[in-house]
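Let us walk through this model step by step. Keep the structure in view as you read.

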There are 2 protein chains.
Amino acid sequence: MARKKVTLAYITNDATRRATLKKRRRGLLKKVNELSILCGVSACAVVYSPQSDQPEVFPSSEEAKRILTELADLPEIDKNKKMVNQRTFLEQRLMKLSQQARRLEHENKELSTAVCLRQCLAGRSVESLSKEEAEDLLDLVDRKAKALQVRMHQLGPLMLPPVVDDVDVREMVSYDGAAIEAMRQYEWIQGGGGGVLLANRFI
Amino acid sequence: MARKKVTLAYITNDATRRATLKKRRRGLLKKVNELSILCGVSACAVVYSPQSDQPEVFPSSEEAKRILTELADLPEIDKNKKMVNQRTFLEQRLMKLSQQARRLEHENKELSTAVCLRQCLAGRSVESLSKEEAEDLLDLVDRKAKALQVRMHQLGPLMLPPVVDDVDVREMVSYDGAAIEAMRQYEWIQGGGGGVLLANRFI
DNA sequence: TTACCTATATATAATAT
DNA sequence: TATATTATATATAGGTA
């Protein structure tokens, strides 16, 4: 975990593997120690060394035996139902990672679509979009519109802003205050940052 | 291990302790998993949760039982002689930390003495030193002198530098080149960086 | 082999959502 | 309660002595 991201696979180089075992074993026992003290729980760990070495046991072989005996005494049903073993541990991790991947993928797609929207507003022809892009864009705009309607409904009657046609925002700086205020209002309605200013040219 | 260095002691706040247990337990099992894969060793860990929760076992209760059975089968002598349990683990850590503390203390003392030396060279009266400081300083200077003699002997006959009295280094910048070169030579003899330039006014 | 160093990778405490 | 974020603290890989 340093100098280089290590791949989770058996280390073939002897010296490296032994060094890693030594370092990580020490680190692991330290963690077990900390956990049991910080949280006041009983915990134990056993790590076998390869060759003739003896296992390292924490916190003591007696405590480990006691804990493992309790474990053995649990009825099979409980063991399979409630315990977290390697399989469930890995399954949990996998599930969580998958979720995260999906989230990120979705987020990525939304951002891509937002880029499409801006490009189209900036003059890109809708024909140049792929089918998927077009669908996503339609969906995005649809959702934005609905959200906007909800908010407008929540706010009740509202003074509509004057129509603003293809005006470069930079020009608006020296435009009249009413239009700018209207746009501010719109931005607020849409929730501000990150939203695309659709003004009154939806679709 | 973040935002604040945590003291190794039971966490009294309930919510905090539970959150810590959850996070660290997950981290611990991840480590056991990595260790067993990276180094190809069998390892297991069991962490009991407080209340009604079930223990978390890695990699599986079967494997844990198998490992602990092996453990139980070891003769008592081996267990006490070769196994690393909590006591020996803590003793090892303590020993190592003590060594480190001694090293740092010694280093610290050397640095303090070096400061004394510089102060004295800069005009501080030797009378203002405490007995211990004076002794340390004497010792330091003695060692420096011996090291210097060794190096001079190694180098053979050497052109001695001209005497340089109480001269502010800043003045020396505009001093004559010979003196500066002599000082450089001396610094080199003494090993450079960190050494105190004693010139020819030892003691 | 052991210890030490240092750049990075991870773990995680406190906090916000 | 769970998750996300962020600032720090630790762990540790690869090298060196």
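Which residues in α1(A) meet residues in α1(B)? In α1(A), they are R17(A), T20(A), L21(A), R24(A), R25(A), L28(A), K31(A), V32(A), E34(A), L35(A), L38(A) and C39(A). They meet R17(B), T20(B), L21(B), R24(B), R25(B), L28(B), K31(B), V32(B), E34(B), L35(B), L38(B) and C39(B) in α1(B). The residues of this contact divide into twelve nonpolar, two polar and ten charged. Bear in mind that the model is predicted.

Now look at how the two helices lie. Each α1 covers residues 14-39 of its chain. Their axes are 10 Å apart, and the helices pack at an angle of about 160°. Angles over 145 degrees count as roughly antiparallel, so α1(A) is roughly antiparallel to α1(B). The crossing of α1(A) past α1(B) is left-handed.

Next, turn to DNA strand D. It is surrounded by 21 residues, and the closest are M1(A), A2(A), K30(A), M1(B) and R3(B). Three helices each supply at least two residues: α1 and α4 (86-121) of chain A, and α1 of chain B. α1(A) gives the most, with six residues.

Some side chains come up to bases. A polar side-chain atom of R3(B) is 2.4 Å from a base oxygen. For K23(A), a polar side-chain atom lies 2.7 Å from a base nitrogen.

Technical notes
Residues are numbered from 1 along each chain as its sequence is written. Chains are lettered from A and ligands numbered from 1 in the order in which they are written. This is a predicted model: local features need pLDDT of at least 70, side-chain atom pairs count only at pLDDT 80 or more; totals for chains, interfaces and linings use all residues. Side-chain values use heavy atoms; hydrogens and water are left out. Axes are lines fitted to C-alpha atoms, for helices over the stretch in contact, and angles run from 0 to 180 degrees between N-to-C directions. Helices (H or I, at least four residues) and strands (E, at least two) are DSSP runs, numbered from the N terminus. Angles under 35 degrees count as roughly parallel, over 145 as roughly antiparallel, 65 to 115 as roughly perpendicular and the rest as oblique. A crossing is left-handed if the near helix is turned anticlockwise from the far one by less than a right angle, and right-handed if clockwise. Contact means heavy atoms within 4.5 Å. Ala, Val, Leu, Ile, Met, Phe, Trp, Tyr, Cys and Pro count as nonpolar, Asp, Glu, Lys and Arg as charged, and the others, Gly among them, as polar. A residue is near a molecule or strand if one of its heavy atoms lies within 4 Å of it. A polar contact is a pair of N or O atoms within 3.5 Å; within protein, one must be able to donate a hydrogen and the other to accept it, and residues adjacent in sequence count only if both atoms are side-chain atoms.
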